[in-house]
Amino acid sequence: MNEGNSGLDAMFAGNSPLAKLQASYFEHASAFRLQIEVTSTCSADCTYCYAKRSSKGEPLTVREIKELLRRAASLGIMHVDWMGGDPLERPDWIQLLQAARYNGLTNNLWTSGSRLNDVGTAKWVVDLTEGGYVMVHLDSLDPEVLRSMRSSYNPATMRDTFRGVELLQDIGKPPAEIGNLLMLTSAQGLQDVKETMSVLYEKYGMRTCLMSLKPVDGSGEMGAMLPSPDTVSAAYRYRDSLFLPGHTMGCQDFPREYCGTTVFISLDGAVSSCYSLRRELGSVREQDLGDIMMNGSSSLFFNEFRKGAGQMVCRSCDKKICWGCRANAFYFGEGADSRDPLCSNDPGLARMDLPH
């Protein structure tokens, strides 16, 4: 794998300067990136959408987000990951990304991808994500699988996403700075997941950020959509073989340096550890972000887990990047500071029939 210095390299256990910088933040248990969920609107219309299922109040306003960006920069945060829904479907998205840049933050954009099939939009995206990455969202390349996962399926959405990726690359966004988000659910078969990751890598040079579905809303309604532990383990092993040669990080969505340096802000301002681990630690509408981070630092950065991680996690993976998925441990195990119960690399864990 060629080493670069984009935000995406730091998500794949790289040894780039940016990955090393992120690792230094991890060693000090401090925040490197802010994930902000800015809208639940998205043309992909996934049935499991976290933003639609989890938000309780009104979305943060542009003024609130700008103040949040200023505060994040003052706290030493370096990157902001724009999430949704699809941030490109928020009318003021350009203004928001410009505000982040003005405050010295690097923009990373998570989008369904269909809006990228527009020259004007693509040019803005390439400019405003300089030094960062663009993550599009294709859970499968099989139209029938996508139809089963989206509330309103439109085949043009996938076509537009591919054209948008091609447009980004034509304008000058390197393939190493464009990735794909694949949410692993019960709807995809293992072979489908493998083919999706392989084809995108071979055809477009895109690495896949593989996430496994978590029951983030606590309602129990997502239970039928959760993938089996065996499928999760096999899919992640294949991910490792494609994108992490010589390394393995179990059933983690990201390396521990990413997870252990992230602060997530939900659509309505709730603060938690990451997009997948929605354990509310406060609200930026009620408290200063810095105060929430200081008071909740142990939970945000898993300080207690760090102390005993050498004894608690298995010995099979690369300990420089893996500590088991903290969200898996929170939702399916004994808490965020416990072992990851979905990881088959841990011989000390009993296997479960279902993750819920």
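How many nonpolar, polar and charged residues are there in the lining of the second largest cavity? In this predicted model, that lining has eight nonpolar, four polar and three charged residues. The second largest cavity holds about 120 Å³ of space, and among the 15 residues lining it, C259, C274, C325, R326 and A327 are the closest to its centre.

The count of cavities of 30 Å³ or more comes to four. In the largest cavity there is about 260 Å³ of space, surrounded by a lining of 22 residues in which G84, G85, H137, L181 and Y275 lie nearest the centre. At least two lining residues come from each of α2, β4 (134-137) and β5, with β4 giving the largest share, three residues.

The largest pocket has a volume of about 270 Å³, and the closest to its centre of its 15 lining residues are S54, K56, A270, R278 and E280. Here α2 (50-54) and β8 (270-272) each supply at least two residues of the lining.

| Space | Volume | Lining by class |
|---|---|---|
| Largest pocket | about 270 Å³ | three nonpolar, five polar, seven charged |
| Largest cavity | about 260 Å³ | 14 nonpolar, six polar, two charged |
| Second largest cavity | about 120 Å³ | eight nonpolar, four polar, three charged |

As for the nonpolar cores, the largest has 56 residues, and M11 and W110 are those with the most contacts inside it. Elements that each supply at least two residues of this core include β5 (178-184), α8 (190-204) and α9 (229-243). Leaving aside residues up to four places away in sequence, M11 touches W110, Y133, M135, C209, M249, F254, P255 and Y258. A second, separate core of 47 residues includes L116, Y204, M206 and M293.

Definitions and conventions. Residues are numbered from 1 along each chain as its sequence is written. This is a predicted model: local features need pLDDT of at least 70, side-chain atom pairs count only at pLDDT 80 or more; totals for chains, interfaces and linings use all residues. Side-chain values use heavy atoms; hydrogens and water are left out. On a 1 Å grid over the protein atoms alone, a cavity is a set of points where a 1.4 Å probe fits but cannot get out, and a pocket is an open set with protein on both sides within 12 Å along at least five of seven lines; lining residues have an atom within 4 Å of a point. Grid points are joined across faces, edges and corners, and a volume is the space filled by probe spheres set on the points. Helices (H or I, at least four residues) and strands (E, at least two) are DSSP runs, numbered from the N terminus. Ala, Val, Leu, Ile, Met, Phe, Trp, Tyr, Cys and Pro count as nonpolar, Asp, Glu, Lys and Arg as charged, and the others, Gly among them, as polar. A nonpolar core is a set of buried Ala, Val, Leu, Ile, Met, Phe, Trp, Tyr and Cys residues joined through side-chain atoms within 4.5 Å. Buried means under 20% relative accessible area, exposed over 50%, partly exposed in between (1.4 Å probe, protein chains only). Contact means heavy atoms within 4.5 Å.
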